[in-house]
Amino acid sequence: MFGFVRLSYCQWRWIRGTLNMAFLHDYVGVRAFSKLSQADVDQQYEEAVQTLNCLQSNAATLQRVRQDRGMLLSQNVPSTERFLKRVGVSLDDIDKLCVIHIAGTKGKGSTCAFIESILREHGYRTGFYSSPHLVAVRERIRINGQPIPKEDFTKHFWDVYNNLVAEKESEDDMPAYFKFLTVLALKVFLREEVDVAVLEVGIGGEYDCTNIVRKPVVCGVTTLDLDHTSVLGKTIESIAWQKAGIMKPGVPIFTVDQQLRPAMSVLIERAKEKKCRLFVVPPLESYGWGTQPLQLGLAGSVQYGNASLALQLSQYWISSQLKESSTNIRSASTPSSSYEGLKVAAPFTLSDVELCGLKSAVWPGRSQVMSCGPFTYFIDGAHTITSMQACVNWFLKTASHHTPHDAKVYRVLIFNTTGDRDPESFLQLLAPCNFDLAVFTTNLVTTSMSASSGKFFCQ
């Protein structure tokens with residue numbers, strides 16, 4: 001007897017992936033893919049990404065959160081723990097990672113990029129988990145500053161995916177896109193035995209998947225502003241409460257000088273509640289630069305606060321690894337004048353390694369200039385009105401240095417926005433740029449579920 005079974009696209013991909021894993025188990029070690037041709041590596045990577053794209057998208061997740069925000073958010077961390085357990089990772093295993101955890105509205109990725117660069121220059125083996133990605137999903141999981149190779153991603157992906165499928169209790173008992181990648185990243189960092197894991201929060205903090213980490217070495221909060229209001233709340237106070245959720249008892253937390261006073265007030269109260277010490281980082285110019293000029297790998301004055309935060313977090317992390325007195329954080333002689341009892345972390349003289357780490361930091365798509373033949377691309381992103389104004393200021397200043405005096409230059413805006421942001425308010429701020437043409441793009445550029453579509457999943 002025989003019959004036909006109708007399979008969904010994702011079910012078919014799972015079967016293919018299972019066969020691939022059976023094939024791969026004939027080899028030993030992650031580098032077994034070296035026995036395969038590049039075409040085989042590309043094909044297997046493509047199938048892994050196509051299967052990943054079949055998981056619930058971030059947009060769908062956010063829609064569910066909007067419908068029942070409280071219940072779903074509160075279950076986010078426990079469900080992450082459950083999925084980790086199914087792939088053989090316990091909370092005790094996670095405790096073995098030396099984590100620097102970063103939350104905030106703006107500058108999280110840039111701050112993490114500075115931290116990773118500084119610690120890598122110091123000789124540490126770094127793991128870096130971030131979101132979203134620009135071109136390939138592998139960018140989200142980096143070892144020593146580089147996205148994990150296709151063959152490594154494929155091997156780790158099918159290992160995690162097949163274990164989750166085998167243990168699921170119902171058809172939809174699988175992690176969503178971002179949660180799956182969080183589980184994958186943590187397992188990769190454990191297997192790669194990184195010295196430090198730099199984790200960027202996805203959305204919020206209190207209920208974010210990355211908050212599965214119970215014992216980070218140190219935490220940081222970047223600039224806070226109104227964003228993701230449908231999930232985090234419509235006030236800066238509610239957003240600050242969510243971001244401060246990464247605070248842990250006894251773990252110091254550093255933050256930039258918050259321009260929105262209510263945000264800082266909430267951070268202070270949450271630090272007291274969580275029984276941890278809160279420090280504001282000093283101005284970047286106050287550090288000892290010696291004879292070297294202040295030079296960062298990421299352009300724009302908005303990066304100054306991110307760089308200072310990265311320096312303080314990196315210094316504390318290194319001190320903790322050298323078994324120095326982790327409770328003795330140097331603070332400035334005078335506390336913050338704006339908030340009673342809030343101390344400013346002391347600046348310090350930068351070593352050549354730290355100078356090199358700041359200068360060599362790379363974070364594509366942020367205040368980036370790219371030349372391609374006769375075209376010059378100025379690439380940046382903005383989440384909020386304040387960020388958009390900073391983006392405009394950077395463009396106007398930078399574009400003037402790339403404009404030939406004797407040539408006619410046409411300025412073309414390529415604009416895209418996602419989520420529940422107000423595009424009109426952003427576009428109004430772009431008026432001083434005097435664009436000759438504007439091109440508005442959608443978030444879908446392909447109708448196929450190929451690996452290339454992976455670039456458009458964000459969180």
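**Close-up 1. Helices α8 and α9 pack at an angle of about 120° in this predicted model.** Helix α8 covers residues 150-167 and helix α9 covers residues 177-192, and their axes lie 10 Å apart. Helices here are DSSP runs of H or I with at least four residues, strands are runs of E with at least two, and both are numbered from the N terminus. Axes are lines fitted to C-alpha atoms, for helices over the stretch in contact, and angles run from 0 to 180 degrees between N-to-C directions. The two helices are therefore oblique to each other; angles under 35 degrees count as roughly parallel, over 145 as roughly antiparallel, 65 to 115 as roughly perpendicular and the rest as oblique. The crossing of α8 and α9 is right-handed, a label used if the near helix is turned clockwise from the far one by less than a right angle, with anticlockwise giving left-handed. From α8, the contact (heavy atoms within 4.5 Å) takes in D152, F153, H156, F157, D159, V160, Y161 and L164, and from α9 it takes in F180, V183, L184, K187, V188, R191 and E192. Sorted by class, this contact of α8 with α9 holds nine nonpolar, one polar and five charged residues. For these classes, Ala, Val, Leu, Ile, Met, Phe, Trp, Tyr, Cys and Pro are nonpolar, Asp, Glu, Lys and Arg are charged, and the others, Gly among them, are polar.

A word on the model: residues are numbered from 1 along each chain as its sequence is written, and side-chain values use heavy atoms, with hydrogens and water left out. As this is a predicted model, local features need pLDDT of at least 70 and side-chain atom pairs count only at pLDDT 80 or more, while totals for chains, interfaces and linings use all residues.

**Close-up 2. Helices α7 and α13 cross at roughly 45°.** Here the axes of α7 (residues 108-121) and α13 (residues 303-321) come within 8 Å. That angle makes α7 oblique to α13, and their crossing is right-handed. Look for S110, T111, F114, I115, I118 and L119 on the α7 side, facing Q303, N306, A307, L309, A310, L311, L313, S314, W317 and I318 of α13 in the contact. The contact of α7 with α13 has 11 nonpolar and five polar residues, and no charged ones.

**Close-up 3. Helices α11 and α12 pack at about 40°.** The axes of α11 (residues 236-243) and α12 (residues 261-274) are 8 Å apart. This pair, too, is oblique, and α11 passes α12 in a right-handed crossing. I236, E237, A240 and W241 of α11 make the contact with P262, A263, V266, L267 and R270 of α12. By class, the contact of α11 with α12 splits into seven nonpolar, no polar and two charged residues.

**Close-up 4. Helix α5 and the glycine that comes after the helix.** In α5 (residues 76-86), the buried residues are N76, V77, S79, T80, F83, L84 and R86. Buried means under 20% relative accessible area, exposed over 50%, and partly exposed in between (1.4 Å probe, protein chains only). G88 follows α5 and has a positive phi, near 85°.

**Close-up 5. The cysteines C112 and C391.** Zero disulfides turn up in a search of the whole structure, a disulfide being a pair of cysteine sulfur atoms within 2.5 Å. For C391, the closest cysteine sulfur is that of C433, 7.5 Å away and too far for a bond. C391 counts as buried at 13% relative accessibility, and C112 is buried at 0%.

**Close-up 6. Y377 in strand β11.** The strand spans residues 375-379, and Y377 is partly exposed at 38% relative accessibility. Not counting residues up to four places away in sequence, Y377 touches Q368, V369, M370 and C372. Y377 and A399 are 22 residues apart in sequence, with their C-alpha atoms 9.6 Å apart in space.

Close-up 7. The relative accessible area of N144 is 29%, which is partly exposed.
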